[in-house]
Amino acid sequence: MNKVPSALKIGLRRGSLEIKQFSRQRESVVFTLFFPVILLVIFGSVFQNTIAPGVTFSQYFVAGMIASGLVNTGFQALAITIPMERDVGALKRLRGTPMPASSYFIGKAILIFASMAVQIIMLLGFGVLFFGLEMPTDISKWVTFTWLVILGSACSTALGIAFSIVPKSGRGASAVVSPIVIILQFFSGVFFVFTQLPTWMQQVAAIFPLKWLTQGMRSVFLPDSFAAEEVAKSWEIGRTFVILMLWLAIGIFFSVRKFKWDRD
Amino acid sequence: MSLIEVKGLKKSYGDLQAVRGLDLQIEQGEIFSLLGPNGAGKTTTVEILEGFRTRDSGSVSVLGVDPQIKGHESRIWRNRIGIVLQNSADAGDLSVSETVEHFSNYYSNPLNVQEVINSVGLDEKQSSLIRTLSGGQRRRLDVALGIIGNPELLFLDEPTTGFDPQARRAFWSLIQQLRNDGTTILLTTHYLDEAQALADRVAVINHGQIVEISTPTELGGRATAQATVQWRDGAQIKLEKTDNPTALVSKLSAHFGGEVPEVIVTRPSLEDIYLEMIGNPNE
Ligand SMILES: Nc1ncnc2c1ncn2[C@@H]1O[C@H](COP(=O)(O)OP(=O)(O)OP(=O)(O)O)[C@@H](O)[C@H]1O
Ligand SMILES: [Mg+2]
């Protein structure tokens with residue numbers, strides 16, 4: 001009788017509930033799913049120059065947009081919506097039930113994976129159709145792509161949940177979170193070619209996951225010859241994996257230890 | 001052991017002492033009501049019992065467990081309790097039945113979703129999105145989510161705020177039904193008729209302290225308080241306080257030779273007693 005349902009079972013149910021809830025919020029669907037595509041269309045149309053033999057800026061930019069999509073849909077969305085849920089008391093109500101915290105986190109991760117999948121399909125579709133993006137034919141590139149998306153989403157989810165403790169209120173959350181994300185995008189070589197940025201910006205960016213995600217996505221979508229154009233003259237795949245794992249661990253640690261269910 | 005045991009409970013917010021040494025014992029199967037003016041410390045006390053707030057000192061046991069418990073033990077404990085908070089709201093993009101159905105998945109032994117929705121009178125609204133519900137309807141949903149897990153112990157913090165009179169009566173019979181099925185209930189309310197109708201015992205709290213614990217009929221010596229007899233004598237309305245109203249009325253009846261004109265016998269209402277107990281609010 002006291003056998004409470006498992007955390008995983010509840011987590012899966014939360015995942016489908018989160019997706020249902022999300023899909024009914026038209027503004028957030030449009031913002032999180034279409035915004036990256038809109039950016040792609042704008043930047044891809046404005047900057048059509050070639051940055052290296054056989055590589056256009058729009059190709060470079062699609063890789064960056066997929067990476068920053070991971071940050072937008074995960075980190076940014078969660079760090080803004082969780083404080084809102086906290087403000088209305090939805091989290092406190094959950095806390096009063098036998099639902100474990102891990103189920104809530106699993107539900108969020110499922111939502112992020114699902115919206116990420118939709119977004120990637122749209123970005124790849126637009127990239128291939130309009131901006132000369134070439135799908136890799138090499139299976140090892142797809143392997144890299146898959147773990148980058150999975151690890152990147154997980155990392156972004158965990159950090160978004162962890163960062164949700166920072167904004168004091170749901171109303172102020174966007175003002176705290178959005179500038180961080182935008183600055184990170186500038187520093188990490190999403191809007192500009194990374195190697196053309198000042199060295200100090202490159203060094204700051206190298207602390208955070210986004211730079212590694214964008215570089216990783218370039219390794220998937222740009223020709224291998226372009227690796228020589230990177231700062232380290234290589235794709236640094238191993239280092240990317242380690243750094244993302246570290247950030248994932250940091251995110252999980254703070255989410256589990258410090259998550260706030262209540263306003264005060 | 002009692003279902004809830006509180007000894008010497010204290011809680012301050014900065015300089016403000018919200019709860020100052022509170023003792024409570026709530027027995028299995030009773031409906032226990034907390035009464036007290038705004039800011040008396042009711043929600044603070046209840047939320048400490050629910051495990052939402054920490055205490056500064058004192059001991060608390062709820063279903064034999066300290067509410068500060070963590071991890072899996074806490075899940076097993078929460079599986080046995082139901083909570084209706086004083087304020088709660090949700091994003092509102094789900095329907096009533098989707099929400100109740102979802103919450104039922106959190107518990108090992110939930111009640112039937114449809115029956116719970118019917119019992120709070122939301123059957124006609126079950127497909128509506130939460131954000132389209134009226135204030136009173138939302139509150140009923142809160143109650144539904146509080147009872148869906150079939151709790152042994154139910155906390156209700158001002159559950160009927162915003163209910164229309166009919167809904168309040170329906171709610172009362174729902175609560176009595178739950179009590180008959182064995183649920184222990186801790187009810188905070190500002191409606192004295194509600195405490196009168198439901199509670200087996202009431203505690204009056206003021207300034208974070210218990211003023212008195214008693215049954216609604218005996219609170220503040222109400223059962224033995226003097227009755228007031230009122231009648232008309234010619235052009236005059238007369239009043240007399242007495243310990244023996246029956247004797248007085250039969251004396252009057254003899255005097256008038258039968259019917260006493262416009263006779264009324266009253267005792268102080270729960271509200272009269274309560275207002276006297278909590279005294280001048282500016283004190
Ligand atoms: N989180 C908090 N931070 C600071 N002060 C608080 C907090 N919660 C309550 N208080 C204060 O503690 C006192 C008791 O508040 P509490 O909410 O327990 O009262 P209550 O009896 O439930 O009142 P009401 O009938 O209005 O719901 C009040 O003076 C209130 O301002
Ligand atoms: Mg209160």
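Predicted model: local features only at pLDDT ≥ 70, side-chain atom pairs only at ≥ 80, totals over all residues.
Residues are numbered from 1 along each chain as its sequence is written, chains are lettered from A and ligands numbered from 1 in the order in which they are written, and side-chain values use heavy atoms, without hydrogens and water.

**Exercise 1.** Determine which residues and chains surround ligand 1.

Solution. Taking residues with a heavy atom within 4 Å of the ligand, one finds 16 residues, the closest being B:G39, B:K42, B:T43, B:T44 and B:H190. Because residues from chains A and B surround ligand 1, the site is shared between chains. Helix 1 of chain B gives the largest share of the shell, three residues.

**Exercise 2.** Find polar contacts (pairs of N or O atoms within 3.5 Å) of ligand 1 with B:H190 and B:G41.

Solution. A side-chain N or O atom of B:H190 lies 2.8 Å from an oxygen atom of ligand 1. For B:G41, a backbone N or O atom is 2.9 Å from an oxygen atom of the ligand.

**Exercise 3.** Decide whether A:V46 is buried or exposed.

Solution. A:V46 belongs to helix 2 of chain A, residues 26-46. Its relative accessibility is 56%, so A:V46 counts as exposed, given that buried means under 20% relative accessible area, exposed over 50%, and partly exposed in between (1.4 Å probe, protein chains only).

Note on methods. Helix = DSSP H or I, 4+ residues; strand = E, 2+ residues; numbered from the N terminus. Polar contact = N/O pair within 3.5 Å; in protein donor to acceptor, adjacent residues only side chain to side chain.
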